Amino acid sequence: SVLRVCSQVFSLSLSLSGLCNNFGYVVMLSAAHDILKQQGSENTTQAVRKPQCTAPNSSSYDCNPVSTAAVLLADILPTLLIKLVAPFVVDAVPYGVRVLLCVLMAAVSFVLMSLSSAVWTSLLGVVFASVSAGLGELSFLSLTVFFSRDVVGAWGSGTGGAGVAGALSYSGLVQAGLSPRLTLQLMLVVPLGMLLSYFFLLASPPGFRQWTSRQPEYEAVSSADRQRLLDEEEEESGLLKFVVPLGLVYFAEYFINQGLMELLFFQHFFLSHAEQYRWYQTLYQVGVLLSRSSLCCVKIRRLWLLALLQGLNAAFLFLAVLYRFLPSAWLMLGIVLYEGLLGGAAYVNTFYFISKEVRPPHREFAMAAASVGDSLGIALAGLAAFPVHRYFCSL
């Protein structure tokens, strides 16, 4: 049928769009430290430019002065604000306009970061990347309701691939000798890829209106309907049974990533502290990619089980930081891969079952509203990581 062919083409388009949409978010987390460090070094004397490793660290945990959660908050709070507000007002903005805004803001973020000569300019670039990712995610998730449920898996694969591609491409280009500024300028090809994949590869279903705010098949959801949709007691369509487990999973995993990973340093290992942290992040993204691409093979309806397992993971690693009983970085690398598998599975299964269980008139709003779960969990994890960092670094 026409819809089936459109869904297949849209799956490819959505996978590419998911990769491009989340690419900037991942790269900003990787690049912010380099850009800020370069800006800070411009105002220091040559004597201060000695490698940090030559100075003794007062903490037994080999801490950075500022927790890695600082950059995470700059990258997630604008996304969270977008996801909290946009589902209730974004109906007035056509999908074509939304995608153009995402492309524009992503391009501006790369330009600002690459040309920045001040800290505030770099942070503004991070904000643009965050807004682009947040608006893009809720828009593309809402768009999936006009196709078959299988396209949710394509979006999951694309966003999972963005983590691996973003981290590896940035690190690889810088390691090859390119400056962080030039690397970010080269990555302007990513917003262009989103533009091309959406407007030239996407095959719209019959009746889909690209540049108008209303779709004939799905009327606007009233305020009363939205409240019932968010009500936990509404058995058929309540969103909290999806949003809460997703938020808990992401709170636990980003508490690990930005609160505990930098403290889990193994001295007698062939990788340095920075290299260990880099591989932790890379293997986490590999795990996310694998599980977000697994919807065609396995579907997990018990989302609370994933939240419980990720919570146990965070508790175990917190105790590992406190008592230092992990024997080797190899075990830690395996745990991080498992952590990514749980997080990716929670994400893709959440939106698959929303598309399956929520009634058609409410699906578009439900997909957009539920996307706040992971962002809220990440933001809370970033806030929680600060006191943990301060406590352990004072020991």
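1. Helix axes are lines fitted to C-alpha atoms over the stretch in contact, and angles between N-to-C directions run from 0 to 180 degrees. Helices (H or I, at least four residues) and strands (E, at least two) are DSSP runs, numbered from the N terminus. This is a predicted model, where local features need pLDDT of at least 70, side-chain atom pairs count only at pLDDT 80 or more, and totals for chains, interfaces and linings use all residues. Residues are numbered from 1 along each chain as its sequence is written, and side-chain values use heavy atoms, with hydrogens and water left out.

2. Start with the record. The unreviewed UniProt entry annotates "transmembrane region" at residues 69-89, 95-115, 122-146, 152-170, 182-201, 303-323, 329-353 and 365-386. UniProt positions follow the numbering used here, feature names are shortened, and annotations may be inferred rather than shown by experiment. In the model, residues 69-89 are 100% helix and 0% strand, with end C-alpha atoms 30 Å apart. Residues 365-386 are 95% helix and 0% strand, and their end C-alpha atoms lie 34 Å apart.

3. Next, helix α5 (residues 151-175) and helix α12 (residues 329-357). They pack at about 160 degrees, with axes 9 Å apart. That angle makes α5 roughly antiparallel to α12 (under 35 degrees is roughly parallel, over 145 roughly antiparallel, 65 to 115 roughly perpendicular, the rest oblique). V152, G153, W155, G156 and T159 of α5 meet Y347, V348, F351, Y352 and S355 of α12; contact means heavy atoms within 4.5 Å. Six of these residues are nonpolar, four are polar and none is charged. Ala, Val, Leu, Ile, Met, Phe, Trp, Tyr, Cys and Pro count as nonpolar, Asp, Glu, Lys and Arg as charged, and the others, Gly among them, as polar.

4. Helix α4 (residues 119-143) contacts helix α2 (residues 69-89). Their axes come within 7 Å and cross at roughly 40 degrees. This crossing is right-handed. Contributors from α2 include D75, P78 and K83, and those from α4 include S130, G134 and E137. The contact has eleven nonpolar, three polar and three charged residues.

5. α4 also packs against helix α13 (residues 360-370), at about 150 degrees and with axes 8 Å apart. The two are therefore roughly antiparallel. Their crossing is right-handed. L138, L141 and S142 of α4 touch E364, M367 and A368 of α13. Four nonpolar, one polar and one charged residues make up this contact.

6. Finally, the rings. The structure holds 15 aromatic pairs. Rings of Phe, Tyr and Trp (its six-membered ring) pair if their centres lie within 6.5 Å; planes under 30 degrees apart are stacked, over 60 edge-to-face, the rest tilted. F251 and F255 are a stacked pair, 6.2 Å centre to centre and 15 degrees between the planes. Both lie in helix α9 (residues 240-260), four residues apart, about one turn of the helix.

Conventions: Left-handed = near helix turned anticlockwise from the far one by under 90°.
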